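Visitor: I'd like to go through this structure with you, a few topics at a time. Could you start with the terms we need?

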Amino acid sequence: MTESLLLTNISWIAAPARFERGKPLYRINYPEADSILIEDGMISWIGDEADFPEQPDVKHVNIGGLGITPGLIDFHAHPVFAGTRENEFEMRTRGASYSEIAGAGGGILNSAGKLQKTDKKTLIERTLPYLDRALEYGTTTLEAKSGYGLETNSEIKMLQAIQGLDEKHPLDLIPTFLGAHEFPLEYRNNHDGYINLLINQMIPRVAEENLAVACDIFCEKGVYSLEESRTVLSAAQKHGLAIKLHADQLSPLGGTRLAVEMGALSADHIEYIDDESIELLANSNTAAGLLPVAAHFLRMEQDPPVRKMIEKGIVCALATDFNPGSAMCESMQMAMHLGVIRFRITAEEALWMATIGSARALDLDDRGSIEPGMLADLVVWRSENISMIPYHFGINQVEKVFKRGVLVVDKGRRIGAVSGAAE
Ligand code: NIG
Ligand code: FE
């Protein structure tokens, strides 16, 4: 049982409205209240301190006139890796493309080579500082994909590392199996051989050992074709996993259509989504996953038609895509900034997508807003209003973070960290 807290002297509360089909999306409510009561890690009351009946076991915490939003939710991330790839970053600076580097055995295969040689304990230790920083920047729930193992034992090791991190760290990690992130070199000319491993070895084991809630795939020209994606994702569904796709990122292959057809949680990246796929998304429960940090980092020439999707009533979710190859950034504040600048969304839309939209893309309905019954995952901002968050960029505007009602960040710094600083 955690301590009961009454957060008082709050100057503004931004509570994204829950998704309701047929109702306008992207609304932020601003309850006229200066206090939030937290009991057992949940929000239990929102109102004015003056109306709060004094209770001896409730500790009052003066927020000092700052504002509060829900904890940010990063629904798409690859935070576990065995080494950084700044050498490829330099190669891209000199003109090589992401696909060229990947084609030459770099990219994801580079990360896989390193991860296969790294033990679970080391993986956990080197990931903790990134999680601390994500938390300091306001993230309270983070998806964590495997996908740098690319062989059964290494994929399992990665998912076990994610499980270990989830137990050690206040962030909630939502584990996703991404064994279909690439084809290992030895299977480049034998796709069926690797797919056989995925569907007959890896997926059954991941499901049996409860190591992931969803299965993702890199559905892209030169990686997993539509038919291959369908085979892998059907196997995942048969084993009770939810599905999601890296879709239409570098070419208009049709991954979004497949996502809708198969009932995926989200179709992510979607720079090359076509009009037909937009219509399909609009009539589905599949979210559009927006990853502007990767678009920026890869200098993508084409951006997803976000305004059109918003106008069609599509639920968009925002994430960092944190990974060493295409988005070396664990800050959701930066994702919000780049969402506004590159994808021309408003600050309110960015906040909605980074909270309740992201929660929906992860199929979580206990977080993403501020209302009684939701988890007390809360960020206290130094910002005067929510426009400041994407506007004043490249710095941390977080003052405090409460995770399940426990203060885990104060003055922008992690309290009680078990790790040092990441590179
Ligand atoms: O989401 N597109 C594929 N996967 C990652 C990149 C992973 C990497 O380069 O290591 C992405 O951008
Ligand atoms: Fe990704």
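Guide: Helices (H or I, at least four residues) and strands (E, at least two) are DSSP runs, numbered from the N terminus. The model is a predicted one, in which local features need pLDDT of at least 70 and side-chain atom pairs count only at pLDDT 80 or more, while totals for chains, interfaces and linings use all residues. Residues are numbered from 1 along each chain as its sequence is written, chains are lettered from A and ligands numbered from 1 in the order in which they are written, and side-chain values use heavy atoms, with hydrogens and water left out.

Visitor: Okay, where is arginine 126 found?
Guide: Arginine 126 belongs to helix H4, which covers residues 120-136.

Visitor: And is arginine 126 buried or exposed?
Guide: Arginine 126 counts as buried because its relative accessibility is 18%, where buried means under 20% relative accessible area, exposed over 50%, and partly exposed in between (1.4 Å probe, protein chains only).

Visitor: What does the side chain of arginine 126 reach?
Guide: The side chain reaches the backbone oxygen of phenylalanine 81, at 2.7 Å.

Visitor: Switching to metal: which protein donors does the iron ion (ligand 2) have?
Guide: The iron ion (ligand 2) has His76 (NE2), His78 (NE2), His246 (NE2) and Asp321 (OD) as protein donors, at 2.1 to 2.3 Å; donors are N, O and S atoms within 2.8 Å of the metal (3.2 Å for Na, K and Ca), and since water is not among the atoms, sites may look incomplete.

Visitor: How are the donor residues spaced in sequence?
Guide: The spacing is H-x1-H-x167-H-x74-D. Histidine 76, in the loop between strand S9 (72-74) and helix H1 (86-93), and histidine 246, in strand S13 (residues 242-247), link distant parts of the chain, being 170 residues apart. Histidine 76 is buried at 0% relative accessibility, and histidine 246 is buried too, with a relative accessible area of 4%.

Visitor: Now aromatics, how many aromatic pairs does the structure hold?
Guide: There are 9 aromatic pairs; rings of Phe, Tyr and Trp (its six-membered ring) pair if their centres lie within 6.5 Å, and planes under 30 degrees apart count as stacked, over 60 as edge-to-face and the rest as tilted. One of them joins phenylalanine 183 and tyrosine 224, and this pair is stacked because the ring centres are 4.1 Å apart and the planes lie at 25°.

Visitor: Why does that pair tie together parts that are 41 residues apart in sequence?
Guide: Phenylalanine 183 lies in the loop between strand S11 (172-180) and helix H6 (191-208), and tyrosine 224 in the loop between strand S12 (214-218) and helix H7 (226-238), so the pair ties together parts 41 residues apart in sequence. Phenylalanine 183 is buried, with a relative accessible area of 1%, and tyrosine 224 is buried at 0%. Tyrosine 187 and tyrosine 194 form a tilted pair, 5.6 Å centre to centre with 45° between the planes, and Phe183, Tyr187, Tyr194 and Tyr224 form one aromatic cluster.

Visitor: Last topic, which domains does the assignment give?
Guide: The protein chain is assigned domain 1 (4-70 + 369-412) and domain 2 (72-361), with bounds that come from an automatic or database domain assignment. Taken over C-alpha atoms, the centres of domain 1 and domain 2 are separated by 29 Å.

Conventions
Polar contact = N/O pair within 3.5 Å; in protein donor to acceptor, adjacent residues only side chain to side chain.
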